[in-house]
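Hello,

Here is the structure I promised to pass on to you. Have a look at it first, and my notes follow below.

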Amino acid sequence: NIAFNSFSSRHIGYMEAGNHTRVSEFFLQGLSDNPELQPLVFGLFLFMYLVTVLGNLLIILAILSDSNLHTPMYFFLSNLSSVDICFISTTVPKMLVNIQAHSKDISYTGCLIQVYFFMIFAGMDGFLLTVMAYDRYVAICHPLHYTVIMNPRLCGLLVLMCWFIIFWVSLIHVLLMRRLTFCPGTEIPHFFCEVVQILKVACSDTLINNIFLYVSTAILGVFPLIGILFSYSLIVSSLMRISSAAGKYKAFSTCGSHLSVVSLYYGTSLGLYFNPSATHSSQSSIGSVMYTVVTPMLNPFIYSLRNKDVKGALGRLHNRGALCP
C-alpha cells in the first residue's frame, strides 16, 4: 500500500498538505499548440530576447561610460534598462526552454517565483516611468533649482522607495497564492504564470486574492499613471506660459522619448486588463507579449533614436571599442 500510494502521488503529480491538495506542477498552454509553428516561435522570441538584453546593456554602458550622462534623468534611465532586462528574463527563457524540450510543465515553486519576480519588475517599470515624469517636471518647471531638488540622495531614495513598495506588494501576492488549492493537471492558459490566469484556474475561494489584486493594480498601475498624467499636466501648463514656439519645442523635446515609452507600456498593459474582450486566452497572450517582450525590446531604440545625448554616447562608446585591440 505504501509503495502504491507513493507511485500514485508521483504519477498524478500532486502532494497532500493536511486536508488540502497542492499540485507539484502546472502546465503552461503557451502561444501555440501547432508543432510546425514551434521553431518559428522559438526563433522569434530568442531574437527578441537577445535584442532586448543587448540593447538595454548598451544603454547602461553608454550612461556609465559618459560623464555627460551622469544626471538624474539618465540615472533613472539606466535603472529602467536594468529592470527591462530582468523583466523579460522572468518569462521568455522558461518559455524557450519548454519549446526546446517539447514540454509545457513548470513546477509549483517555479511558478510562484515567476509570479513574484514578474510583479516586481512590472511594477518597477511603472514606478520608474512615474519618477522619470517627475524628473521632467522639475527640469522644465523649475530649471534653476533642478540640481538642488534632484540631488543624488533624493534620486537614490526614490528608487529605494519604489523597490521597498514593490517588494512587499509582490510578497503578499505570493503568500496569498500559497493558500490556494489547485486540481491535479491544472493548465494555465498563458505562456507564463500570470496572476489573473492562475486565480481563474484555482479550485479554492479566491475572494481575498482578487481583492488584493485590485488593490495592487491601483498601487502599481493606476496611481503611477495618475502621477505621470499630473506631472505632464503641470508641464503643459508651464509651457503655455512660454511665448516663443522654439522655446516650447526645446523644453518639450526632452519629454519625447519618455512619452513614447509611457504610451507603449501603459497602452498595451491597461488595454489588456481593462478590455473585456481580452479575457480570451489567445488575446490575453498576445497582449501580454506586447508589454512583457515588445516594450522592453523597443525602449532602447526609442531612447537612442530620439535622444541626441544617448546617440552621441553610443557613438563614443563604439569608437572606444573600435580603438581597442
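The second largest cavity has a volume of about 40 Å³. Please keep in mind that this is a predicted model.

Around that second largest cavity you will find Asn56, Ile59, Leu77, Leu80, Ser81, Asp84, Asn299, Pro300 and Tyr303. Helix H2 (38–65), H3 and helix H11 (281–305) each give two or more residues to this lining, and H3 contributes the most, with four residues. By class, the lining of the second largest cavity has five nonpolar residues, three polar ones and one charged.

In total, the structure holds two cavities of 30 Å³ or more. The largest has a volume of about 60 Å³, and its lining is made by Met73, Phe76, Met132, Asp135, Arg136, Thr254, Ser257, His258 and Tyr303. Two or more of these residues come from each of helix H3 (72–100), helix H4 (108–141) and helix H10 (256–274). Here the largest share, three residues, belongs to H4. The lining of the largest cavity divides into four nonpolar, three polar and two charged residues.

Met161, Phe164, Ile165, Phe167 and Trp168 make a nonpolar patch of about 500 Å². One of them, Phe164, lies in helix H6 (residues 152–178). Phe164 counts as exposed because its relative accessibility is 54%, and the cut-off for exposed is over 50%.

Happy browsing, and best wishes

Note on methods: Residues numbered from 1 in each chain as written. Predicted model: local features only at pLDDT ≥ 70, side-chain atom pairs only at ≥ 80, totals over all residues. Heavy atoms only, no water. Patch = residues over 30% accessible without salt bridge, like charges linked within 9 Å, V, L, I, M, F, W, Y side chains within 5 Å. Areas by Shrake-Rupley, 256 points an atom, 1.4 Å probe, with all protein chains shown as cover. Salt bridge = Lys/Arg side-chain N within 4 Å of Asp/Glu carboxyl O. Buried < 20%, exposed > 50% of the residue type's maximum accessible area, 1.4 Å probe, protein only. 1 Å grid on protein atoms, 1.4 Å probe; cavity = no way out; pocket = protein on both sides within 12 Å on 5 of 7 lines; lining within 4 Å. Points joined across faces, edges and corners; volume = space filled by probe spheres on them. Nonpolar A, V, L, I, M, F, W, Y, C, P; charged D, E, K, R; others polar.
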